[in-house]
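Biologist: I have a structure open and would like to learn to read it. Please take me through a few features, one at a time.

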Amino acid sequence: QVQLVESGGGLVQAGGSLRVSCATSRGTFRNYNVGWFRQAPGKEREFVAAVSWRDSTTYYADSVKGRFTISRDNANTVYLQMNSLKPEDTAVYYCAADLVRISTGAEFWGKGTLVTVSS
């Protein structure tokens with residue numbers, strides 16, 4: 001099992017950049033697919049991006065493709081680099097991990113970090 005902790009959220013102006021991180025406080029990401037979801041106020045949670053641990057294949061939602069980049073630097077940390085941010089990117093961003101491909105859900109979740117994009 002893994003325990004996930006997100007960090008790096010905050011307030012940024014539209015057009016700006018922000019990087020959020022997901023680290024394990026228990027266990028390692030080795031063999032896990034890791035991804036990011038987000039939930040805006042009054043909206044359902046949605047998939048943002050994921051990275052496969054086996055071959056580093058990355059997947060993105062169409063709404064963030066070309067602006068967001070998911071990456072990992074070791075067995076314990078995954079990043080989501082967010083560029084050209086828009087007000088509609090405002091949401092709580094959740095890190096998730098699973099042994100299977102992540103698309104609509106995952107087994108393990110962090111508590112989330114808030115990203116606010118001002119217009």
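Modeller: Start with a definition. A disulfide is a pair of cysteine sulfur atoms within 2.5 Å. Two notes on the source: this is a predicted model, where local features need pLDDT of at least 70 and side-chain atom pairs count only at pLDDT 80 or more, while totals for chains, interfaces and linings use all residues. Residues are numbered from 1 along each chain as its sequence is written, and side-chain values use heavy atoms, with hydrogens and water left out.

Biologist: How many disulfides does that rule give?

Modeller: The count comes to one disulfide. Cysteine 22 is joined to cysteine 95, with S to S at 1.9 Å. The link of cysteine 22 and cysteine 95 is left-handed, with -80° about the S-S bond. Cysteine 22 sits in strand β3 and cysteine 95 in strand β9, so the pair ties together parts 73 residues apart in sequence.

Biologist: What is a strand here?

Modeller: Strands are DSSP runs of E with at least two residues, and helices are runs of H or I with at least four; both are numbered from the N terminus.

Biologist: Are cysteine 22 and cysteine 95 buried or exposed?

Modeller: Buried means under 20% relative accessible area, exposed means over 50%, and partly exposed lies in between (1.4 Å probe, protein chains only). Cysteine 22 and cysteine 95 are both buried.

Biologist: Which strands does β4 pair with?

Modeller: Seven bridges link β4 to β9, and the two run antiparallel. β4 also pairs with β5 in the antiparallel sense, over five bridges. Look at phenylalanine 37. In β9 its bridge partner is tyrosine 94. In β5, phenylalanine 37 stands opposite phenylalanine 47. The hairpin of β4 and β5 has six residues between the strands, and there glycine 42 takes a positive phi near 75°.

Biologist: How many residues of β4 are buried?

Modeller: Six of the seven residues of β4 are buried, so the strand is mostly covered.

Biologist: What is a nonpolar core?

Modeller: In soluble globular proteins, nonpolar side chains tend to be buried together. A nonpolar core is a set of buried Ala, Val, Leu, Ile, Met, Phe, Trp, Tyr and Cys residues joined through side-chain atoms within 4.5 Å. The largest one here has 37 residues, and Trp36, Leu80, Met82 and Tyr93 have the most contacts inside it. Strands that each supply at least two residues of this core include β4 (33-39), β8 (77-82), β9 (91-98) and β11 (113-118).

Biologist: What surrounds alanine 96?

Modeller: Contact means heavy atoms within 4.5 Å. Alanine 96 is in strand β9. Alanine 96 is buried, with a relative accessible area of 0%. Leaving aside neighbours within four places in sequence, its contacts include Leu4, Phe37, Ile102 and Trp109. The C-alpha atoms of alanine 96 and tryptophan 36 are separated by 6.0 Å, though the two are 60 residues apart along the chain.

Biologist: Which polar contacts does the side chain of serine 52 make?

Modeller: A polar contact is a pair of N or O atoms within 3.5 Å; within protein, one must be able to donate a hydrogen and the other to accept it, and residues adjacent in sequence count only if both atoms are side-chain atoms. The side chain of serine 52 makes one with the side chain of asparagine 33, at 3.5 Å. Another, of 3.1 Å, joins the side chains of serine 52 and aspartate 55.

Biologist: And what does the side chain of threonine 90 reach?

Modeller: Threonine 90 is in the loop between β8 and β9. Its side chain reaches the backbone nitrogen of valine 117 at 2.8 Å. A polar atom of the threonine 90 side chain also lies 2.9 Å from the backbone oxygen of proline 87.

Notes
Pairing = 2+ DSSP bridges.
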